[in-house]
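Here is a short briefing to read beside the model. It takes the sheet, then a helix, then a pocket.

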Amino acid sequence: MMQSSQLFKGIDFLRNLSIGEFFMFFVYLALILIAKSLVLFLFRKLSPSKDFKERIYPVIEDVLNWLVLYGGILFFLFYFSREQWLTLPFYETEGVEISILLIIVAIMIVTFASRLIKAFNHYVMPFVYEQFNIDIGMGYTINRLLYYVVMFLALAISFTTVGLDLTALGFVFSVLGIGIGFGVRNIAANFVSGIIILFERPMEVGEMVEIDKKIGRITKIKLRSTVIETLKEGTLVVPNQYFIEQIVKNRSSAQLYARVVVSVEYGSDTERIERILKDAAIKAAELMKGIPEKKADVRFIDFRNSALDFQVEVQVADVEMKERLESNIRHAIAEDFINHDVKLAKTVYETQ
């Protein structure tokens, strides 16, 4: 067992640090960042075409960011290569001497692996999917699995580099898992649900789904949650367990309808009300462009206390058109009801 006296036995190196050297290092680093910004500015301003800005410029920007990040780290190691504090071990475990250099190398392994797999998934894998006719949902699943596998290996290598015993680490995590298992059961359930969604693919990235009467497009499926972009409600972050346990409507393949429900007072002429509603819906649909079919479906759907319920449906192409048409239909119905002296049903508290 290591003695406490071994901890930070090389702490004396702090006395030898030179403030002037560090100041000059940051000056050089600032010049590198300014040069990178200048190069990007010139590429952006002098680029010959829009296609260059949309396709080539992002690649150049990524490459320069890579060069600056890892070039800056290598420059740091080269600049202070003669300093004793860089390689002086301040901790030793199981024969491995831990130094600042070793920690920097471990961090570089993790960050480089993360950037490399992201670039590989972004620039290389789409061509592979195109060659083998792999759809976007399966491609997304493969990308996520590749990312998790590579990052797990990178973390394992970095832990081993700094002398961390993975066997002991696994034992610690298992003990902690038993202790906090009840507290994180929802996280575990969402994690397992995310794996099920990625493999079974009941829904995929790019599809339209309806959650609590909100319709949006799936933009990202992560292991714990799914991100849905709606038209007006903003971004919804939905726990993956919801998709496994609840009924979720997939609107991608289904036809989308603008629906308006209206209640008239009991005793009204139902056939007359149906004609008025149909005329109002058709009038509203004809005022809009892009409606697939300029016809309406009107149904007498329910009896209630002192009320007759009708539903109006018109097929639409997208969610934005659905919301605008529903508003226009309500305007047309209100106008026609006034012209034909049709009374809406009173609520329960108004009749008491």
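Two strands count as paired if DSSP finds at least two bridges between them. The model is predicted. With that rule in hand, the strands come first.

**Sheet**
- Five strands make an open sheet in the order E6-E5-E4-E3-E7, and the pairing is antiparallel.
- E6 (235–239) and E7 (249–250) stand at the edges, and each has a single partner strand, so one side of each is left without a neighbour in the sheet.

**E3 and E4**
- Strand E3 covers residues 208–211 and strand E4 covers residues 214–221.
- Four bridges pair E3 with E4 in the antiparallel sense.
- Val209 stands opposite Gly216 of E4.
- The two strands, E3 and E4, form a hairpin with two residues between them.
- Asp212 sits in that turn and has a positive phi of about 50°.

**E4 and E5**
- Strand E5 spans residues 225–230 and runs antiparallel to E4, with five bridges joining the two.
- Ile221 has Thr226 in E5 as its bridge partner.
- The link from E4 to E5 is a hairpin through three residues.

**E3 and E7**
- E3 and E7 run antiparallel and are joined by two bridges.
- Glu210 stands opposite Lys249 in E7.

**Helix H1**
- H1 takes in residues 19–46, which makes 28 residues.
- From first C-alpha to last, H1 reaches 41 Å, close to the 40 Å expected at 1.5 Å a residue.
- Which residues of H1 are buried? Phe25, Lys36 and Leu40 are buried in this helix.
- An α-helix has 3.6 residues a turn, so residues three or four places apart point the same way.
- Helix H2 (50–79) is included in what covers the buried residues of H1.

**Largest pocket**
- The largest pocket has a volume of about 520 Å³.
- Its lining has 21 residues.
- Lys118, Asn121, His122, Asn143 and Arg144 are the lining residues that lie nearest the centre of the largest pocket.
- H2, H4 (100–131), H5 (136–161) and E4 each supply at least two residues of this lining.
- Which element gives the largest share of the lining of the largest pocket? H4 does, with eight residues.
- By type, the lining of the largest pocket divides into nine nonpolar, six polar and six charged residues.

Terms used:
Residues numbered from 1 in each chain as written. Predicted model: local features only at pLDDT ≥ 70, side-chain atom pairs only at ≥ 80, totals over all residues. Heavy atoms only, no water. Expected span 1.5 Å × (residues − 1). Buried < 20%, exposed > 50% of the residue type's maximum accessible area, 1.4 Å probe, protein only. Contact = heavy atoms within 4.5 Å. 1 Å grid on protein atoms, 1.4 Å probe; cavity = no way out; pocket = protein on both sides within 12 Å on 5 of 7 lines; lining within 4 Å. Points joined across faces, edges and corners; volume = space filled by probe spheres on them. Nonpolar A, V, L, I, M, F, W, Y, C, P; charged D, E, K, R; others polar.
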